[in-house]
Amino acid sequence: MKFLDEAKVFLKAGDGGDGVIAFRREKFIEFGGPDGGNGGKGGDVLIQAVDGLNTLIDFRYTQHFRARKGGNGAGADRTGAGSDDVVLKVPVGTVVLDEDKETVLADLTRVGQKAVLCRGGDGGHGNAHFKTSTNRAPRRADKGWPGEERWVWLRLKLIADAGLVGLPNAGKSTFLAACSAAKPKIGDYPFTTLHPQLGVVRLNASEEFVLADIPGLIEGAHEGAGLGDRFLGHIERCAVLLHLIDGTQADPVAAWRTVRGELEGYGGGLVSKPEILALNKTDAMTPQARASRIKALERATGRPVLLLSGATGEGVQPALRALADAVIAYRAENAARPAAPDVIRAPAPPPKAPPEPVAYSDWGDEEEEG
């Protein structure tokens, strides 16, 4: 299945049903009075996070979603039927943005969470609604109110506990394959990984976390160079980042600064996340190169640097232990925060003009009640 993490869709809630003008006409009842019923409510448009989906490919070719109009009222004070809601099913982690791609309407972070994006219009009043002691035969009915409509952007941000960052060909996919059951494409050339990959890391029977691998960053990625920074959104929810640096290159400090610069340019709080540094591909380094590059990185970053090799497994377990500890601390810190509501009501789009009332002449002549 093709991976698609962004889509633009048009949503239109159902209009309300029209109220009607009607009068009771039965044998032996000379002055029955008005009995036109109200219209039914139009259907809403909702979005719901469901399990089993990991892409927005369903919205690649189907981009317009409309709910049905409410039923019209009828005589004998019968109210029109309300229409069913339209529910869009999306992966967990989907963010709904307004047409400006900045205003967040909903952020669906758990299975079953819903958001009401467009509300259906209310039904119009029938003429029975307008009867009074002085106006016993009203000849007015209202049309249903129009349903809300809007264009929205759907953007998928994968739910992962830890994320891998680094320059292209830093060994991120090899590391992911070494510590999980994921089988990403691995090659000795830049941009082997073209789409985000997820793997479940199990340290023991009670400890596990989800690790995300994204395509490598290059200088100018936040301005669109290479594959750009569009995939950085998939690690915004991560508790910790593992920054892999290719130990075989001449200047690992420059590589670290390049990636940090791109994280800062992207924003989203990535530059402030806890970061674990690891010098990868130690199996291809001499002992002298290891010592000199570790010393240079620690002096430049001011933090300890791990040594590992995804190809041989050297140093992988200590790196996973450090990631797991950071994930556990993050979960404990966020356990006390209130959970997001099950149903989110998005801000309404700009209102439309109210419908014009239906004139009596539109419905034919009726004898006025005496």
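This note goes through a predicted model, from overall make-up to single residues.

1. Basis. The model is predicted, so local features are taken at pLDDT of at least 70 and side-chain atom pairs at pLDDT 80 or more, while totals for chains, interfaces and linings use all residues. Residues are numbered from 1 along each chain as its sequence is written, and side-chain values use heavy atoms, without hydrogens and water.

2. Overall make-up. The secondary structure comes to four helices and 17 strands, taken as DSSP runs numbered from the N terminus (helices H or I, at least four residues; strands E, at least two). Of the 370 residues, 48% count as buried (under 20% relative accessible area; exposed is over 50% and partly exposed in between, with a 1.4 Å probe and protein chains only). Among contacts (heavy atoms within 4.5 Å) with a separation of 6 or more, 76% join residues 24 or more positions apart.

3. Nonpolar cores. A core here is a set of buried Ala, Val, Leu, Ile, Met, Phe, Trp, Tyr and Cys residues joined through side-chain atoms within 4.5 Å. The largest has 27 residues, of which Leu11, Ile47, Phe59, Val96 and Leu154 touch the most other members. Two or more residues each come from β1 (6–12), β2 (45–50), β4 (86–91), β6 (104–107), β7 (114–118) and β9 (149–156). Another core, of 25 residues, lies apart from it and includes Ala212, Cys238, Ala289 and Ile294.

4. Valine 96. Leaving out residues up to four places away in sequence, valine 96 touches Ile47, Thr103, Val104, Leu105, Ala106, Leu117, Val152, Trp153 and Leu154.

5. Largest pocket. Its volume is about 630 Å³, the space filled by probe spheres set on grid points that are joined across faces, edges and corners. A pocket is an open set of points on a 1 Å grid over the protein atoms alone, where a 1.4 Å probe fits, with protein on both sides within 12 Å along at least five of seven lines; lining residues have an atom within 4 Å of a point. There are 14 lining residues, and Thr109, Ile159, Arg237, Tyr330 and Asn334 are the closest to the centre. The lining divides into eight nonpolar, two polar and four charged residues (nonpolar: Ala, Val, Leu, Ile, Met, Phe, Trp, Tyr, Cys and Pro; charged: Asp, Glu, Lys and Arg; polar: the others, Gly among them).

6. Alanine 160. This residue lies in the loop between β9 and β10 (162–165) and counts as buried at 5% relative accessibility. Its C-alpha atom is 6.7 Å from that of arginine 237, 77 residues apart along the chain. Not counting residues up to four places away in sequence, alanine 160 touches Leu198, Val210, Ala212, Arg237 and Cys238.

7. Threonine 301. Helix α3 (residues 287–301) contains threonine 301, which is buried at a relative accessible area of 13%. A polar atom of its side chain lies 2.7 Å from the backbone oxygen of leucine 297. Beyond its neighbours within four places in sequence, threonine 301 is in contact with Trp256 and Leu277.

8. Positive phi. Most residues other than glycine have a negative phi. Phenylalanine 28, in the loop between β1 and β2, has a positive phi near 75 degrees and is exposed, with a relative accessible area of 78%. Aspartate 77, in the loop between β3 (64–66) and β4, has a positive phi near 55 degrees and is partly exposed, with a relative accessible area of 47%.

Terms used. Polar contact = N/O pair within 3.5 Å; in protein donor to acceptor, adjacent residues only side chain to side chain.
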